[in-house]
Amino acid sequence: MKLTIDWLKEHISTNKTEAQIVEKLNSTGLEVESVEPRKNDLSDFLVAKILKVEKHPNADRLTLCVVDIGQKELVKVVCGAPNAKNNLLTIYAPPGAIIPKNKMKLEISKIRGETSYGMLCSGAELNLSNESEGIIELNESFKKKIGKSYFNSNKGNVIELSITPNRPDCLGIRGIARDLSASGFGKLKEYKIKKTKQKNKQSLKVKIEKNKSQACTIFGSCLIKNIKNQESPDWLKNRILSLGLRPISAVVDVTNYVMFDLNRPLHAYDTDKIKKEIIVRNSKKGEKFKALDNKDYVLDKDMCVISDYDGVLGLGGVIGGTRSGTELNTKNILLESAYFDSEITRKTSKKLNLDTDAKFRFERGIDPNSIILGLAKASEMIIDICGGEATKIDIQKTKRPETKKILFDANLVSKTIGIQIRLNEIVKILEDLGFKIKKKRKDLEVEIPSWRPDIFGQIDLVEEVIRIKGFDKINSIKPEKERLKATLNYTQRHFHLAQRSVASKGYLEAITWSFTDEKINKFFLVNSKLTKLVNPISSDLNVLRNSIYPNLIYYLKKNIDRGFENFSLFEIGPSFEGREPGQQKTVVCGVKTGNVNEKNWNEQNRSIDVFDIKKDVMQTLSELGLERGDIIIEDKTPQYYHPGKSGVIFAKKDQKNILAYFGELHPNILKELDIKTNAVQGFEIYLDNLVKYKSKNKKTKSRMNTSDFQKSERDFAFVIDKSFKSQDLIEIISNVDNSLIQNVRIFDVYQGENIPSDKKSVALNVTIQSSVKTLNEEDLNQITKKIISTVEKKTGAKIRS
Amino acid sequence: MSEIEKIKNQFFSKLEEAKDLEKLNQIKSELFGKNGIISNQFKVLATKSDEDKKTFASELNTLKNDLQIIISKKVEKIKIEEINKKLENEKIDVTLPERSFRIGKIHPVSQVIDEISSIFSEIGFSVEEGPDVENEYNNFTALNTPKHHPARDMHDTFYLDEDKKTLLRTHTSPVQIRTMLKGKPPFKIIAPGRTYRSDSDQTHSPMFHQLEGLHIDQDISMGHLKGCLNYFIKEFFEIDKIKMRFRPSHFPFTEPSAEVDIGYEIKNDQIVIGEGNKWLEILGCGMVHPNVLKNVRVDHKKFQGYAFGIGIDRLAMLKYGINDLRAFFECDYRWLNHYGFDPLDVPTNYRGLSK
C-alpha cells in the first residue's frame, strides 16, 4: 500500500512532519517498508550544467557537450541547439526517459559517428513552452540543484506500507488516516460529497441469482450517461502515478482512485456493450471470457460471474472483461460497487491463479457499508471531469450485513499487557478507531465498525488499545531464573554429544536440505517409502531424503571438484521413512575420502580405509557411553555399501536394534555420480536406536576392581579358516576363563606363503592375570594349553609352531 | 707449614686445573690409592703420640672430606659439560611442520542453537522438538489460520500430497501445539528446528531454522514477554547496551502480536548491533491467541502467556558477520572451515557463550 502525505492530509488535519508520521505508522502496526521520492514520467529530467562545448567532428551545426549531471562521471551529449555554451544550466534527459512532446523513449545513439548519452531539452520538447529553437536556459538559482530532478521539486515522497492481512481498512488512505488520528496525530476530516439530487432511476436491470454459495450479496450500481471520457487532469494522473499505476483514462483512473482512497473497489462497464441486463450468477463449467489482462480464462463450475445475455462480462471481485471495458470513446457507463464474499473470491482466484488488486482487497474483507459512498464519490469525480448525468443508485441485496457486537471486560487489557490503562482512555481509543461503545454494568458493549472484519473477540480489542497506546509503554518484567525441568532430555543430550564427538574427530559439520535429488536418493532407498514433494523448488530437490548420504556425497563431490582431496564431512539430522509426521529418524552420517594425512615430510601417507571409518564410529559410540563388550559386528549391510568392506553394529542384548553401519560406499555409486576419488568411507549412527538401547540398559559406574598381582602375557598364532571372524575368535578365547583372561589383542593377520590359500594366520596377544594370587609357571601353562585346545576344538584352527 | 697444609695447597690447585675425567681419576688414585698420599698419612697417624694424634686425625679427616667433595663436584660438572657438548650436535630444525592433525568444525547454526539454548536454560526454558513433516492442522488450523485465510499466503508451503494434508512445516509453531496437547500447563519451552518455505533467492532459502518460544502460566503478560526477549537479546549479542523496539504486527496465532527490531549501524561496511539509529527486524512474538489455547484444550480464562519465533540463521549471520544465507547449506569446505566452531567450544552458562 502506497500513500503520499498530501493525499493523507485530505483525510486528516495534522501538522506532523513526514518523519513523525513514519514513526507513528510503524508504532501503530502499519509497517513502513520504504520512503522514496515520488516517481512520475518527468522524474528522470535532471538539472544539468554544460561544462564544455566542443565542435562535432562530422557536422557543422552539431556540438559535443560535456555535461555535469551531479554524478561522479560527466556525460557526453550531442546537441544541435545554437545556444549551447560553456557553463549553461539546462535540463538533461538520460537514456530511457520519455520525451513528453512526442512520447518517444530516448536511447543511447550515435549521431554522425559520435555517441550521445541522452539529450539536452528545449521548452517545446518538455511541453513547457513553444520554444523549440534552443535548449532551456535556467537561471543561476538552479546551480544548487544540479543532478536533481527538475520537475520533482517539493512533491514529497511516496511512503510504502506493508499492511498485514488483518487490516483491509488500511488498504485505503482513509483507514490509515483513522489510525493516525486515533493515535493523537490530528482530527479525522469529514468525508465530503457534493449533494446533488438525481432524478432518474437506474434503468439497467441487475439481478443477483440465488445460487449455491453465491459470493455476491450486494450489488450497487449507477449509470452515468453522456460522458466525454478523456485523459485525467494532472493532479489525478500524479496521484495514480504515485501509487505505482499507469494513468489510463478518467473513468478508470477515478475507479482506481476511489479504491485506494476508501478501499472500495469499483468497476466501470461500457453500458452500450451490455446485452439487456446484468445477471450475477455462478459460472457453468467451461464458460470462457477474456479478462482485462488480455488473457482468456476457462471457468470452473460455481465461480461468481457478472454476466449479460451474451455471457460472462467479468469475474466478480477479481477482474473485469474486455468485452464491456470502457475506452476513451465510451459514452455511457455503469459503475459497479458490490460486496463479494472473501473466502469464495479467494478460492476462485487461487483456482485460476489470478492475482488482482480487487481480489487482494475482497479476500481480506471489504466494508459492505462503503458501497453507496464509493459510488457517490466516483460519479461525482467522473461528472466533474467528463460531464454527463448520473442516475440514482440501485442496490440489489440478498443478505443484510450484520453488525457485530462484543461484550468487553476492560480488565482484560491490564491482565494481558501488564500495565493499567484507565477505562476512559480505553473507551476513547476505541471510539477514535470507530467502535461504538455502551456501558453495560461491569462490561462494555462494543459495536464493531463494518470496515473491521478482523475483530472477533475481546482479545482483538485489547490489541487495538495497546497498539494505539504504544508498545513502548509496557514495562519489562525481569525473567525468573528458576528451572522446572532439565533443559535437554536424554535424547537431546545424546544428540548434542554425538554432534561434538564426531566433529572432534576432524569432521566438518554440514547442514544440507531435508530434500534431495530423486536420482541420487534411489541408490539409498532401502526399506523406506519414497516421498515426493508436490511443488519442489527444482527438479533436483524433488523428494524427501531417505538417507543423509545423497546430499552428503553430492557436496563431497562438489568439494572434490573444487580441488579438495582429503576431508571428512558429517551431518546430524532427519532421514525420512515415509510421508506421515513422525516417520523420520535422527541419523549421524559421516563421509571421509582421500588420504589419512596431507602430504607431510615425516609421515608415511596412505589412503583412508574401512578401519579408519570403523575407528571413528567405535570411538564415537564409546564416547556416547557404549562399551566394546556391549556391541557385536556383522557384515550384512545395505546395498549402497561395498559388499565386502562394510559392517553393521548391533547391541549384543538387542540384535534387532541396528546402532550403526560403516564401510566403503559402493564403488558403482561413485562411478554413476562421477565422483573422482579412490573410495569414500562412510558411517551412519542411528541415534534413536542408540538412545532406546541405552535408556533400557542404564548403567552407573561400577566399582573399580584392580588386581595388584603380577600379570603375564602370552602370544599365540593360529592358522584358521579365512572366513572365520576375528570377533568370534576373541570371544572364544576370552570365554576360556573370564576370571583370568583380561585382554585379547590381535597383532597380526597374515595370508600368503606357507599358509594354505583358504586359511589365514592370526596372531594374538593374551593378557593373563588373577585377582587372588600371583600365577606360577604351572598355572600359566595350564591356561595356555586350555586356550589352544579350546580354540582348536571350537574353530578347527591349528596352533602355529 | 704442616704436611697436611702442604698437601692441601698442592692438590687444591691440581684439582682446579683438572679438565677431564681421566685427569681426575689419576689425581684420585694419587690421593686415595693403596699408596696414595692420604692413605700414607693415615699410616703416619699411627706413629703419632697420643697428644698429637687427636689434632692430626681431625685435620687429616677434614682434608680427606674436602678433597672427596671437590672431586665429586668436579666429576658432576665435567659430566654435565660432556652431555651439553653432545646435545649441541643433536640440534634439529624445530620449525619443520609437526605431524598433521585435523580439526573438525561445528556448523554456525548448531553453535547458535546451543548458544540460544544455553541462554534460555538459565531462565528456566526446556527444549522441545517436533517432526519436520507436519499435518495441515498443526501447522495452520490449530494455530488459528483457517483454510481460506490470506495469512496462509505469507507461507509458501511445500506440500507432500495433492490434498495438501501433509506438508513440510513452515514454522516451528506446530511444536507449541504438540507440546500443549501432550502436557498440562505451565509450559515453558523453546523448540529449535528446521523449517521450510518454497521460495529461494539471495535472502530466502527453501530451508531455514527457527526457534519457537512458549511460556504459558497464570498471569504471564506482555511485560514478561518484553523482559524475556530483552534478556535474551542482550545475552545473545553479549553487549550491555542494545536498542530494542516492539512494533505491532499480525500473526494469526498471537494477539496482540509484535515484531521486534534492534538498533544497528553500518561501520566499515559491517553491521554493528547496538545503539545505531537504524532498525533491523529480528523476531516475531505476541500473546498466545485464546483460539490456539482452546484448540489445545488449555483453559484460556485461567492460563495465558506468550510465544515468539526467532530466525536462527539470521541471528547467526548478524552475530558472526556472515553475509550470504545460501552459503549456509552449500557445504563449501572453505566456508565450513572458516565460519565453523571448534567442537570443544561448547557454549555454557558458567564459561560463557563464546571463546
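Which residue stands opposite A:E336 in β24(A)? Hold on to that one; point 3 gets there. Here are my notes, and bear in mind throughout that this is a predicted model.

1. Start with the overall build of chain A. It carries 19 helices and 42 strands. Its radius of gyration comes out at 42 Å, while the globule rule gives 28 Å for 801 residues, so chain A is more spread out than a compact globule. The C-alpha atoms occupy a box of roughly 130 × 90 × 60 Å along the principal axes. As for burial, 39% of the 801 residues in chain A are buried. If you take the contacts in chain A with a separation of 6 or more, 70% of them are between residues 24 or more positions apart.

2. Now chain B, for which we have 11 helices and 10 strands. The C-alpha trace of chain B spans about 130 × 45 × 45 Å along its principal axes. Buried residues account for 40% of the 355 in this chain. Among contacts in chain B between residues at least 6 apart in sequence, 66% link residues at least 24 apart.

3. In β24(A), A:S337 has A:G220 standing opposite. Strand β17 (residues 267-270) of chain A also runs antiparallel to β24(A), joined by 4 bridges. And that settles the opening question: A:H267 is the residue opposite A:E336.

4. Three strands make up an open sheet in the order β27-β29-β28, with antiparallel pairing. Which strands sit at the edges? Those are β27 (405-408) and β28 (436-440) of chain A, each of which pairs on one side only. From one strand to the next, the twist averages 25°. The pairing of β28(A) with strand β29 (residues 443-447) of chain A is antiparallel and runs over 5 bridges. Within that pairing, A:I437 stands opposite A:V446 in β29(A).

5. As background, nonpolar side chains tend to be buried together in soluble globular proteins. In this model the largest nonpolar core has 127 residues, and A:L552, A:L569, A:A660 and A:I685 touch the most other members. The largest share of this core is 7 residues, and it comes from helix α8 (residues 222-237) of chain B. Apart from that core lies another, of 75 residues, among them A:M1, A:V158, A:A177 and A:I306.

6. What about the contact between the chains? Chain A puts in 78 residues and chain B 70 residues. On the side of chain A that touches chain B, helix α11 (residues 458-469) of chain A gives the most, with 6 residues. By class, that side of chain A has 28 nonpolar, 26 polar and 24 charged residues.

7. Last, a single loop residue. Is A:N87 buried or exposed? With 11 C-beta neighbours inside 10 Å, A:N87 counts as exposed, because the cut-off for that label is 12 or fewer. A:N87 is in the loop between β6 (75-79) and β7 (89-93) of chain A. Not counting residues up to four places away in sequence, A:N87 touches A:K49 and A:I50. A:A48 is 39 residues from A:N87 in sequence, yet their C-alpha atoms are 9.6 Å apart in space.

Note on methods. Residues are numbered from 1 along each chain as its sequence is written. Chains are lettered from A and ligands numbered from 1 in the order in which they are written. This is a predicted model: local features need pLDDT of at least 70, side-chain atom pairs count only at pLDDT 80 or more; totals for chains, interfaces and linings use all residues. Two residues are in contact if their C-beta atoms, placed from the backbone, lie within 7 Å. Helices (H or I, at least four residues) and strands (E, at least two) are DSSP runs, numbered from the N terminus. Ala, Val, Leu, Ile, Met, Phe, Trp, Tyr, Cys and Pro count as nonpolar, Asp, Glu, Lys and Arg as charged, and the others, Gly among them, as polar. A nonpolar core is a set of buried Ala, Val, Leu, Ile, Met, Phe, Trp, Tyr and Cys residues joined through C-beta atoms within 7 Å. A residue is buried if 20 or more other C-beta atoms lie within 10 Å of its own, exposed if 12 or fewer, and partly exposed in between; C-beta atoms are placed from the backbone. Two strands pair if DSSP finds at least two bridges between them. Axes are lines fitted to C-alpha atoms, for helices over the stretch in contact, and angles run from 0 to 180 degrees between N-to-C directions. The radius of gyration is taken over C-alpha atoms; the globule rule is 2.2 Å times the number of residues to the power 0.38.
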